[in-house]
Amino acid sequence: LVEYLCAFSEANPRTFGPQYYYARMADDTLIWDEKARWALAKDSTNFWAWLMWMAAEWHKSQPDLKLVTERVQKAVARDPSRPEGFFFLGDVYAEQDQWPQAIEAYEAGLVCDPLDNRLKERLEDAQDRLKKTEQK
C-alpha cells in the first residue's frame, strides 16, 4: 500500500491529498516533514499540512515542544472550525503541564464538535490534573 501511495503521490504532484496519505502510511517523520513543507510552499493556509508538519516534529525522539505548539497554533488559526487542531493543541499543552491552556483548547474543540468523546475525556483529565496541582 505504501508503494502504491508513493507512486500515486508522484503521479499527482499538484494535489495534497495523495501526498498526505502517502506520508501518513509511510509513518516516517522525514517524509511527513518533506510533504508538509511541499504543501505549505504551495498553500500556507493548508490546515492539514500544518498538522502534518506539527506531527513530524512531535514524533521525533526529542521533539521541540515550542515548535510543535507554534505549528499546531498555526493550523488552528488556518481553520478554527476543525476540532482536530484543538485536540492536538490541548495535547501539546498537557504534555507541558500547561493545564489551563489545555482545558481552553479542549473546550474550544468541543465547541466545534460537542459529541467528540476523545475531547471530552481529555478535558476531564486536564481538569482533574489542574485540581491536583492546585491542591499541592
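Me: Which helix supplies the largest share of the lining of the largest pocket?

Reply: That share, 6 residues, comes from α4. The model is predicted, so local features need pLDDT of at least 70 and side-chain atom pairs count only at pLDDT 80 or more, whereas totals for chains, interfaces and linings use all residues. Residues are numbered from 1 along each chain as its sequence is written, and side-chain values use heavy atoms, with hydrogens and water left out. Helices are DSSP runs (H or I, at least four residues), numbered from the N terminus.

Me: What makes a space a pocket, and how much space lies in the largest pocket?

Reply: On a 1 Å grid over the protein atoms alone, a pocket is an open set of points with protein on both sides within 12 Å along at least five of seven lines; lining residues have an atom within 4 Å of a point. The largest pocket holds about 240 Å³, the volume being the space filled by probe spheres set on the points. Its lining has 15 residues, and Arg24, Leu51, Met54, Ala55 and Phe88 lie nearest its centre. At least two lining residues come from each of α2 (16-26), α4 and α6 (83-95).

Me: Why are α3 and α4 called roughly antiparallel?

Reply: The axes of α3 (residues 29-42) and α4 (residues 47-58) cross at roughly 150° and come within 8 Å. Axes are lines fitted to C-alpha atoms over the stretch in contact, and angles run from 0 to 180 degrees between N-to-C directions. Angles over 145 degrees count as roughly antiparallel, and α3 is therefore roughly antiparallel to α4. Residues in this contact (heavy atoms within 4.5 Å) include Trp32 and Leu40 of α3 and Trp50 and Trp53 of α4.

Me: How do you know that α5 is roughly antiparallel to α6?

Reply: α5 (residues 65-78) packs against α6 at an angle of about 160°, with the axes 9 Å apart. That angle makes the pair roughly antiparallel. The contact includes Val72 and Val76 of α5 and Phe88 and Leu89 of α6.

Me: What is the handedness of the crossing of α7 and α8?

Reply: The crossing is left-handed, a term for a near helix turned anticlockwise from the far one by less than a right angle. The axes of α7 (residues 99-112) and α8 (residues 117-135) come within 9 Å and cross at roughly 155°, and the two helices are therefore roughly antiparallel to each other.

How values were computed
Angles under 35 degrees count as roughly parallel, over 145 as roughly antiparallel, 65 to 115 as roughly perpendicular and the rest as oblique. On a 1 Å grid over the protein atoms alone, a cavity is a set of points where a 1.4 Å probe fits but cannot get out, and a pocket is an open set with protein on both sides within 12 Å along at least five of seven lines; lining residues have an atom within 4 Å of a point.
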